[in-house]
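Open the model in your viewer and keep the sequence panel beside it. The stops below say what to select and what is there.

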Amino acid sequence: MGSQPPASRAALEPLATLDPAALAGVPASSPLTVRAAALSAHLLYLGTGGGKLLLFSLQDPSNPEFLRLLPIGTTIPVSAILPLPSVARLLVHADGLLLLADPLLTRPVRRLGSLRNVAAVAARRASADPGSPSCSIAVSVGKKLLRVDLTLQDGDELDVQTREIAAVEGVEALARVDDSVFVATATGYSLFSSIAGHGVDIFTLPESSGRPRVRPLSGGDEVMLLVDNVGVVVDRFGQPVGSSLVFNTTPDCIAEVFPYVIVAGDSKVDVYRRRNGAHLQTIPVARTGQGVLIVASDDDGIGTELVVIATAYKVR
C-alpha cells in the first residue's frame, strides 16, 4: 500500500493482494496460515503456524514475486520475524526458540545459542554507527532480561555475546530504543538500561487492562505504550511526549509509516495522523480462519511507502 499522498487522496491505497500458498505452489491440502510478517527494503518475509518462512520480492509492489520457502520445523510455529540487516541475518522467534536465517533464505536456519522458552525479543532501534556490522537485541527468558550482541565477522560468521540486564518476570513484550529496553508485563510498563542494568517503573496498568503492547516509533527516539485503546507516547527515558493517541478499537497490531500510525483489529485497519492523532481512514479487512490481523512496515526504512496487511491466508 502507498502512503504520503496529496491531501485529496486516501492515506493508504491498495497496490496488490497476494495468496502466499498459491504463489509458493503449496497444495490446498497443506494450507499456510500466516502468523508473522516483516518488511526489509523490498523484501517481504512471512512466517507460518506450520513452521515455514516465505520470502517475496516487492521490487514491483503491484506484482509481488515469490522467491523462496524455507521449512524450519513442522512443530515450530513462527511468532515474530526481525530483519537484522547490519549483520546480514533474519532473526526468527518460533516456539520459544531464537533462530537465525540468511536474508535470502538460502541456507537452513541455525539456533541462536541455547536459549529456550523465549517470551519476547526486540532489536535495537538507532545506533551511534549505522555502518557498523553489529547489532544488539533484548531477550526475555524465564525471569531474566538479557542483552545479546551480534557482530558479523570474516567468513560470514557471527560473534555472539550474552549478558544479563536484570531479573524480570512475566514479560509479554519488549522494545529497544538506543540503550533503553522497554518491558511490558500484565501489571505495567518499565524501563531498563541495557548497559547499567538499572530499571524504573513507567506506570502500572489497571487490573482490567487488555494485553500490553509496546511499539518504537520512527526515528528511534519515541515509543508507544498501549493501554487498551490508548497509545501513550514516551521518549527513550520513559517520559511522556505530546498527547496520547486514542484509537477506535483495541489494536491487535500497530505499525507506522511516517507520518501515519496504523492499527489493526476487529476486522479493520485504521489510519491515524501521528502528529495529532486524527483518524484519517478505515480499511475493512475480510478475515477467514483464526488469528489476528498483522500489519508490517519497514522499521529501518524511514520514508518507506509500503505497508503489508496480513490475515491468516491473504496478504495485501
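Start by selecting Thr185: its relative accessible area is 12%, so it counts as buried. Keep in mind throughout that this is a predicted model. Thr185 belongs to strand β14, residues 180–185. Show its side chain together with that of Thr187, and you will find a polar contact between the two at 3.0 Å. Beyond the neighbours within four places in sequence, the contacts of Thr185 are Glu169, Gly170, Val171, Glu172, Leu205 and Pro212.

Next, select the open sheet of four strands, ordered β5-β6-β7-β8 with antiparallel pairing. Strand β7, residues 97–101, is joined to β8 by two bridges.

Select Arg89 and Asp156, whose closest N and O atoms lie 3.1 Å apart. This pair links distant parts of the chain, 67 residues apart: Arg89 is in strand β6 (residues 89–94), and Asp156 is in the loop between β11 (144–153) and β12 (157–167).

Move on to Arg124 and Asp179, a salt bridge of 3.7 Å from N to O. Arg124 sits in strand β9 (residues 118–125), and Asp179 in the loop between β13 (171–177) and β14.

Last, select Asp149 and Arg147, which form a salt bridge at 2.9 Å. Asp149 is partly exposed at 22%, whereas Arg147 is buried at 13%.

Note on methods
Residues are numbered from 1 along each chain as its sequence is written. This is a predicted model: local features need pLDDT of at least 70, side-chain atom pairs count only at pLDDT 80 or more; totals for chains, interfaces and linings use all residues. Side-chain values use heavy atoms; hydrogens and water are left out. Buried means under 20% relative accessible area, exposed over 50%, partly exposed in between (1.4 Å probe, protein chains only). A polar contact is a pair of N or O atoms within 3.5 Å; within protein, one must be able to donate a hydrogen and the other to accept it, and residues adjacent in sequence count only if both atoms are side-chain atoms. Contact means heavy atoms within 4.5 Å. Two strands pair if DSSP finds at least two bridges between them. A salt bridge is a side-chain nitrogen of Lys or Arg within 4 Å of a carboxyl oxygen of Asp or Glu.
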